[in-house]
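Keep the sequence and the coordinates side by side.

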Amino acid sequence: MASEHTLRKILADNLRRYRANLRLSQDALAYEAGLHRTFVGAVERGERNISVDNIEKLAAALGVDAFELLKRRL
């Protein structure tokens, strides 16, 4: 698992929160973003080093700006 303060961990937490708020499954989010469901799960667990292109796809599927997925929550 990624360290508590890494950008990968922040992305994982934000992705999970936005997805849950929309009541989307990982499978549904993956479909909307054009990604594989196992990839989305790995990103949410902080196991994958994700590209900017895929951050953009996930953000679009969630209806948020990409920077929101990388923003540290206080």
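In α1, the buried residues are K9, I10, L11, A12, N14, L15, Y18 and R19. Buried means under 20% relative accessible area, exposed means over 50%, and partly exposed lies in between, with a 1.4 Å probe and protein chains only. Helices here are DSSP runs of H or I with at least four residues, numbered from the N terminus. The model is predicted: local features need pLDDT of at least 70, side-chain atom pairs count only at pLDDT 80 or more, and totals for chains, interfaces and linings use all residues. Residues are numbered from 1 along each chain as its sequence is written, and side-chain values use heavy atoms, with hydrogens and water left out.

The buried residues of α1 pack against α2 (26-33), α3 (37-44), α4 (52-62) and α5 (66-70).

Just after α1 comes R23, with a positive phi of about 55 degrees. R23 is a residue other than glycine. It sits in the loop between α1 and α2. R23 counts as exposed because its relative accessibility is 79%.

**The nonpolar core**

The largest nonpolar core has 17 residues, and I50, L58, L62 and L69 have the most contacts inside it. Helices α1, α2, α3 and α4 each give two or more residues to this core. The most come from α4, with four residues. Such a core is a set of buried Ala, Val, Leu, Ile, Met, Phe, Trp, Tyr and Cys residues joined through side-chain atoms within 4.5 Å.

Take L62. Neighbours within four places in sequence aside, L62 is in contact with L15, Y18, R19, L22, L24, L29 and L69. Contact means heavy atoms within 4.5 Å.

Now I55, in helix α4. I55 has a relative accessible area of 9%, so it is buried. Not counting residues up to four places away in sequence, I55 touches L11, I50, A66, L69 and L70.

**Polar residues and charge pairs**

Return to α1 for N14. N14 counts as buried because its relative accessibility is 1%. Its side chain makes a polar contact with the side chain of R17 at 2.3 Å. The N14 side chain also reaches the backbone oxygen of E68 at 3.4 Å. A polar contact is a pair of N or O atoms within 3.5 Å; within protein, one must be able to donate a hydrogen and the other to accept it, and residues adjacent in sequence count only if both atoms are side-chain atoms.

E68 forms a salt bridge with R73, the closest N and O atoms being 3.4 Å apart. A salt bridge puts a side-chain nitrogen of Lys or Arg within 4 Å of a carboxyl oxygen of Asp or Glu. By this rule there are six salt bridges.

K9 pairs with D13 in a salt bridge at 2.8 Å. Both lie in α1, four residues apart, about one turn of the helix. K9, D13 and R16 are linked in a network of salt bridges.

E44 forms a salt bridge with R19, with the closest N and O atoms 2.5 Å apart. This pair links distant parts of the chain: E44 is in α3, R19 is in α1, and they are 25 residues apart. Both E44 and R19 are buried.
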